[in-house]
Amino acid sequence: MIDPLLLGHLIIFALSAIACVAAIPQARKIQHPGTREGFVVFLGSVALWSGGYIGYLIAPTRSGKVAFYILGFVFAFVAVAAWLYFCAAYTGRPPRHAPFRNLILGTFLFFIALKVTNPLHNLYFTTEWVTEPFPHLVIHHELLYWIVLGLSYAAITVGFFVLMERFYHTGSDSRPLVVLVGLSGLPAGATIIGGQIDWLLPLMYEPPGVALFAVGTLFFYRQRFEGIRLTGESDEPAIFLDQDTCVRDYNQAARRLFPGLEESFGKPLTAVNTALADHLTKQDVLAITQNDETRYYDVSSTPFLAGEVTTGQLVTVTDVTERESYRKRLEEKTEQLEALNRVVRHDIRNDMAVILGWAEILEDHIDEDGEEALERVLQKSRHVIQFTEVARDFVESLSEDADAELEPIKLQPLLDAELAAVRDSFPDAHFQVSGELCDVSVLANEMLSSVFRNILENAVRHNDKETPEVTISCEEDSDTVRVRIADNGPGIPDNQKDQIFGKGEKD
């Protein structure tokens, strides 16, 4: 019949292993890859650690017991490494990019090798058969064991420290994690005094405590850790909401911006800040006034899905005050320019209408020598009046966020008219057409004539030759027409072309 004390040890370690194995499927649901990998290995190593002690207790031979004890001993060390991996990944410190990772890995493998080869050197432990409180193989821990144990606890403490740092940064309640740490530390006392009490064996009793911590942490993670990790990674105000839009976590930046988040865990966001809750579904910016200063924020929400079910969302609040101020300045400038455009266009149109009226009166009062000059005045006056109408339509299309209305325009007559106009304006320049102008229609508006007139006039104005020469050629294919205008002037230096012709350049 099995000894009750032995049975009690077996049950404790078996329950530890079973709990960890049962929790692995839940751990695999963790979305963050590094965190998921670290925690799954952590659970698996604790399960094997406990399993090694079960084998140690029930193996019939000394060599079998030693082998199982070493197995558990090794996976205890793996559990420490997995815990650090989890903590590093969770707090945004990619383990694969850790400094001196090769040295760390080498040190880890060195201690593993010492554990596996303990039967050769007995630096970790020695063994002895005893009969009390039941026949078993006693493990006597040596100095190296206690040194490595101390280093392991130091490493575990570092992991707790980086976790607490993240909790502090997010402003989260860390008390549940502290309670778990306290509970997991109780078996460590049994490890230390195991050789002094009859009903305790000189074993590492940490597996039950670590298993309790691992499973408890996983439950806590599924409830809050994901939100803490996500909000902690953001320097911007971030709030983690559950599927009912209740607050589950937030970082300190969010708490400073929304003081109502204090003690808001589990409360609906509408009860914390109505304006913020409303902007989850609005497209406009959120204005917040603090200390007599108004700043503007974009509110974005990233949902978390389990299959097709939304399980929560991360709300990020981004300061866009500079962008919003710039937009308002642009609106003011646009309004001013629109007003200026209306005034100038109105005055120009009125003055040109007066000029055209007086010029038409002069038609019956000039001789033949002045007819040509008067006709040019009339033509230019009508063109300016027509241009003010086109400019009005163009500006209105821009202010209404609509596309400029385009229509088929015959290209050849338009180019002929502009060539005639610049020949009249610059009689000393020489304009010629290479080949024939394309007899096609293009999609444009009346502004197209001004485009060609500006190019042709600039070809003369910026020309340094005694006789400016300007050549126009035209090529067409099935979809497009290319009009090429070349002159014998100095041209634009190559080092300035990108700057002048770059997209968005206005100079």
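Reader: Why is isoleucine 11 called partly exposed?

Author: In this predicted model, isoleucine 11 has a relative accessibility of 41%. Buried means under 20% and exposed means over 50%, with partly exposed in between, so at 41% isoleucine 11 counts as partly exposed.

Reader: Where does isoleucine 11 sit, and what makes the nonpolar surface patch there?

Author: Isoleucine 11 is in helix α1, residues 4-27. Leu7, Ile11 and Leu15 make the patch, which covers about 260 Å². Patch residues need over 30% relative accessible area, and Ile11 has 41%.

Reader: Switching to cysteines, how do you know that cysteine 438 and cysteine 474 form a disulfide?

Author: Their sulfur atoms are 2.2 Å apart. The cut-off is within 2.5 Å, so a pair at that distance qualifies. A search of the whole structure turns up one disulfide.

Reader: What makes this disulfide left-handed?

Author: The torsion about the S-S bond of cysteine 438 and cysteine 474 is about -125°, so the disulfide is left-handed.

Reader: Which parts does the pair tie together?

Author: Cysteine 438 is in the loop between β9 (430-433) and β10 (441-444), while cysteine 474 belongs to strand β11 (residues 469-476), so the linked parts are 36 residues apart in sequence.

Reader: Are cysteine 438 and cysteine 474 buried or exposed?

Author: Buried means under 20% relative accessible area. Cysteine 438 comes in at 5%, so it counts as buried, and cysteine 474 is buried too, at 14%.

Reader: And why are cysteine 20 and cysteine 87 called buried?

Author: By that cut-off of under 20%, cysteine 20 is buried because its relative accessible area is 0%, and cysteine 87 counts as buried at 1%.

Definitions and conventions:
Residues are numbered from 1 along each chain as its sequence is written. This is a predicted model: local features need pLDDT of at least 70, side-chain atom pairs count only at pLDDT 80 or more; totals for chains, interfaces and linings use all residues. Side-chain values use heavy atoms; hydrogens and water are left out. Helices (H or I, at least four residues) and strands (E, at least two) are DSSP runs, numbered from the N terminus. Buried means under 20% relative accessible area, exposed over 50%, partly exposed in between (1.4 Å probe, protein chains only). Patches are made of residues with over 30% relative accessible area and no salt bridge: like charges are joined within 9 Å, nonpolar side chains (Val, Leu, Ile, Met, Phe, Trp, Tyr) within 5 Å. Accessible areas come from the Shrake-Rupley method with a 1.4 Å probe; for residues, only the protein chains shown count as cover. A salt bridge is a side-chain nitrogen of Lys or Arg within 4 Å of a carboxyl oxygen of Asp or Glu.
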